[in-house]
Amino acid sequence: MSDAAACKIEVRHVFKVFGRHEKHVLALIRAGKSKEQVLAETGCVVGINDLSLTIKPGEVFVIMGLSGSGKSTLVRHLNRLIDPTSGQILVDGEDILGYDMR
């Protein structure tokens with residue numbers, strides 16, 4: 001069984017930008033700008049910055065961090081309450097972002 005097949009949930013290079021200038025913000029992030037610099041320059045908030053993780057079947061996985069670090073934003077991506085600006089979210093090997101909201 002391959003690593004991809006052994007994963008229940010796989011998050012690949014997910015970014016979430018809150019604001020209207022998503023492409024510009026992604027370019028700034030990839031150029032090495034911090035969340036604070038991006039906010040000051042664009043007024044956009046970087047909610048998730050290049051997150052990748054895998055969760056195997058039966059694995060206990062904890063999401064923890066400081067207030068404002070993106071925990072709730074990540075969970076909202078997993079249940080499709082919001083979609084990422086870029087990246088992939090796979091459940092049982094299927095990209096759930098390809099599903100319609102229904």
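**Cores, cysteines and a surface patch**

Q: How many disulfides does the count come to?
A: This is a predicted model, and a disulfide here takes a pair of cysteine sulfur atoms within 2.5 Å. With that cut-off, the count comes to zero.

Q: Is Cys44 buried or exposed?
A: Buried means under 20% relative accessible area. Cys44 has a relative accessibility of 2%, and Cys7 comes in at 9%, which also counts as buried. So with its 2%, Cys44 is buried.

Q: Which element gives the most to the largest nonpolar core?
A: That core has nine residues: Phe15, Val17, Val25, Leu26, Leu28, Ile29, Val38, Cys44 and Val46. Two elements put in two or more residues each, namely β1 (9-18) and α2 (22-30). The top contributor, with four residues, is α2.

Q: Which residues is Ile29 in contact with, leaving aside neighbours within four places in sequence?
A: Ile29 is itself one of the nine residues of the largest nonpolar core. Set aside its sequence neighbours within four places, and its contacts are Phe15, Val38, Val46 and Asn49.

Q: How many residues does the second, separate core have?
A: Among its members are Val11, Ile48, Ile55 and Leu74.

Q: Is Thr73 buried or exposed?
A: Thr73 sits in helix α4. Skipping residues up to four places away in sequence, it touches Lys16, Phe18, Ile48 and Ile82. The cut-off for buried is under 20%, and Thr73 has 12% relative accessibility, so it counts as buried.

Q: What accessible area do Phe18, Leu39 and Val45 have together?
A: Phe18 belongs to strand β1. At 36% relative accessibility, it counts as partly exposed. Together with Leu39 and Val45, Phe18 makes a nonpolar surface patch whose accessible area is about 240 Å².

Q: Why does Val75 count as partly exposed?
A: Val75 is part of helix α4, which covers residues 71-78. Partly exposed is the range between the buried cut-off, under 20%, and the exposed one, over 50%. Val75 falls in that range because its relative accessibility is 40%.

Q: What distance separates the C-alpha atoms of Val75 and Ile63?
A: Along the chain, Val75 and Ile63 are twelve residues apart.

Terms used: Residues numbered from 1 in each chain as written. Predicted model: local features only at pLDDT ≥ 70, side-chain atom pairs only at ≥ 80, totals over all residues. Heavy atoms only, no water. Core = buried A, V, L, I, M, F, W, Y, C linked by side-chain atoms within 4.5 Å. Buried < 20%, exposed > 50% of the residue type's maximum accessible area, 1.4 Å probe, protein only. Contact = heavy atoms within 4.5 Å. Patch = residues over 30% accessible without salt bridge, like charges linked within 9 Å, V, L, I, M, F, W, Y side chains within 5 Å. Areas by Shrake-Rupley, 256 points an atom, 1.4 Å probe, with all protein chains shown as cover. Salt bridge = Lys/Arg side-chain N within 4 Å of Asp/Glu carboxyl O.
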